[in-house]
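Q: Hi! I've got a structure open and would like to talk it through. Could you take a look with me?

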Amino acid sequence: MENNQTNRPSAYTPLADDAFLSLGAQQIAYIKSVDLPDGAHAVAIFSADGKPMAAAPSFEVAEALLRQHDLEPALVH
């Protein structure tokens, strides 16, 4: 049996590292529970590339903030 896949051109072009890292950058933000230096609890909001964006008092508020800005929240645990 002959393997025809070796003679075919690739159906896709691999993404460059920078392009792969930016996937979802405009659509996704991450939320994570954090403890503040003063001992208070908060929910941190991070951009898809890991940069801190904001903090909220609860997951519900963090999710609402993200959805108001057309971002999809993703939970980091």
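**Core and sheet**

A: Happy to! Apart from neighbours within four places in sequence, Leu-66 is in contact with Ala-29, Ile-31, Ile-45, Leu-71 and Pro-73, where contact means heavy atoms within 4.5 Å. This is a predicted model, where local features need pLDDT of at least 70, side-chain atom pairs count only at pLDDT 80 or more, and totals for chains, interfaces and linings use all residues. Residues are numbered from 1 along each chain as its sequence is written, and side-chain values use heavy atoms, with hydrogens and water left out.

Q: Which residues make up the largest nonpolar core?
A: Ala-29, Ile-31, Val-43, Ile-45, Ala-56, Ala-62, Leu-66 and Leu-71. Such a core is a set of buried Ala, Val, Leu, Ile, Met, Phe, Trp, Tyr and Cys residues joined through side-chain atoms within 4.5 Å.

Q: Is Ala-62 buried or exposed?
A: Buried, because its relative accessible area is 0% (buried is under 20%, exposed over 50%, partly exposed in between, with a 1.4 Å probe and protein chains only). Leaving out neighbours within four places in sequence, Ala-62 is in contact with Ile-31, Val-43, Ile-45 and Ala-56.

Q: Switching topic, what order do the strands of the open sheet take?
A: β3-β2-β1-β4, with mixed pairing. Strands are DSSP runs (E, at least two residues), numbered from the N terminus, and two of them pair if DSSP finds at least two bridges between them. β3 (52-56) and β4 (72-75) are at the edges with a single partner strand each, so one side of each has no neighbour in the sheet.

Q: And how many bridges join β1 to β4?
A: Four, and the two strands run parallel. Ile-31 stands opposite Leu-75 in β4.
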